[in-house]
Structure formats: C-alpha cells, structure tokens
Amino acid sequence: MRFSVDGAQKATVEVPQSRRDPGVHEHRVRLSAGEHEIELAFVNDFYDPDNSNKNRRDRNLYINSLEVVGPVDVLPVPSGQRWILAADTGRGTVKSRARRVVKAMATRAWRRPATSAEVKRLAALAGLP
C-alpha cells in the first residue's frame, strides 16, 4: 500500500493481513496547517484465475477506515500569553518580528507605549540583532 500526501509519496507499507484477520497500520507525518490530500493506494495487484488455490487467485486491498489525529504535542497557549503571539504577525525579518514582541512586552509592563529608543535598548539587552 502506498501512502501519499499532496501527491508526494510518504511511505510504502507491506500489508500481510487478510480480510478475515485485518491489521492496523500507523504512519506519522508532520504536516503544515491547512487542507491536505491523503491517498492510500493498492500498488501490488495480482490476478491468477487458474491458480489451484482459490485463495491465491486474486489479491486485493481493503481499507476499512483512515484516521487522522492532530495536532499532537501542542499545548494550548494560556490566555494570559496570547497577546505575545498577537504581537508577532509572522511577517518581516526576525529582527522586526522580535522588536514588535519586545515593544508589546514593554508597553504592557510600563502601562504606556514604549518608545523606539526603549525598544532598541531592550532588544539589545536581550541579545536581539
């Protein structure tokens, strides 16, 4: 069985089980946020209608279900810390993103808008470029 995500093959899995004795197969893959196309494909077809053993005349793959679990190992951000994530929009250079977070922290700590000079000094203190 071939396991693919968004058209890229992630694994080929041997499925030795039978319909009477089904198995469970697990494969972990890290995905980015958003929608993805998951494909399970039967890639080892076999058909021999003349085989003396009727159980060996045809090989098929039966998939009863597919379960997607995630995200895993992600802890929820406490509500008191969400403002830090809001300050980091994910845009710009590492330096500009870090300065936005420092500015938000200073503004919150001092209960007034932090000046550019204060942000620059705090960023340098934190070892930020």
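# Briefing: a predicted protein chain

Asn51 sits in the loop that links strand S4 (46–47) to strand S5 (58–59). Strands here are DSSP runs of E with at least two residues, helices are runs of H or I with at least four, and both are numbered from the N terminus. The model is predicted: local features need pLDDT of at least 70, side-chain atom pairs count only at pLDDT 80 or more, and totals for chains, interfaces and linings use all residues. Residues are numbered from 1 along each chain as its sequence is written, and side-chain values use heavy atoms, with hydrogens and water left out.

**Overall build**

- The protein chain holds five strands and three helices.
- Along the sequence, the order is β-β-β-β-β-α-α-α.
- The radius of gyration of the protein chain is 27 Å, whereas a compact globule of 129 residues would come near 14 Å. This radius is taken over C-alpha atoms, and the globule rule is 2.2 Å times the number of residues to the power 0.38.
- Along the principal axes, the C-alpha atoms of the protein chain fill a box of roughly 85 × 25 × 20 Å.

**Surface, contacts and charge**

- Buried residues make up 12% of the 129 in the protein chain. Buried means under 20% relative accessible area, exposed means over 50%, and partly exposed lies in between (1.4 Å probe, protein chains only).
- The protein chain has an accessible surface of about 11000 Å², and carbon and sulfur atoms account for 50% of that surface. The areas come from the Shrake-Rupley method with a 1.4 Å probe; for residues, only the protein chains shown count as cover.
- Take the contacts between residues at least 6 apart in sequence: 35% of them join residues at least 24 apart. A contact means heavy atoms within 4.5 Å.
- The protein chain carries 22 positive and 15 negative side chains. The centres of these two sets are 18 Å apart. Lys and Arg count as positive, Asp and Glu as negative, while His and the chain ends are not counted. Each charge is placed at NZ of Lys, CZ of Arg, CG of Asp or CD of Glu.

**Loops around the strands**

- Asp6 lies in the loop between strand S1 (2–5) and strand S2 (8–12). Its phi is positive, near 55°, and the residue is not a glycine. Asp6 counts as partly exposed because its relative accessibility is 44%.
- Pro22 belongs to the loop between S2 and strand S3 (38–41). With a relative accessible area of 52%, Pro22 is exposed. Pro22 and Ile63 are 41 residues apart in sequence, yet their C-alpha atoms are 9.3 Å apart in space.
- Asn51 counts as buried because its relative accessibility is 19%. Apart from neighbours within four places in sequence, Asn51 is in contact with Arg56 and Arg57.
- Gln81 falls in the loop between S5 and helix H1 (82–87). At 45% relative accessibility, Gln81 is partly exposed.

- Ala106 is part of helix H2. A relative accessible area of 4% makes Ala106 buried.
- Setting aside neighbours within four places in sequence, Ala106 is in contact with Arg111, Arg112, Ala114 and Leu122.
- Ala106 and Thr12 are 94 residues apart along the chain, and their C-alpha atoms are 52 Å apart.
- Arg111 lies in the loop between H2 and H3. Its phi is positive, about 55°, although Arg111 is not a glycine. Arg111 is exposed, with a relative accessible area of 79%.

**Helix H3**

- In helix H3 (residues 116–125), the buried residues are Glu118, Val119 and Ala123. Seen down the axis of H3, these buried residues fall within an arc of 130°, so they line one face of the helix. The arc is that of the directions from the helix axis to the C-beta atoms.
- An α-helix has 3.6 residues a turn, so residues three or four places apart point the same way.
- The buried residues of H3 pack against helix H2 (94–110).
- Ala117, Lys120, Ala124 and Leu125 are exposed on the other side of H3.
- Gly127 follows H3 and has a positive phi, near 80°.
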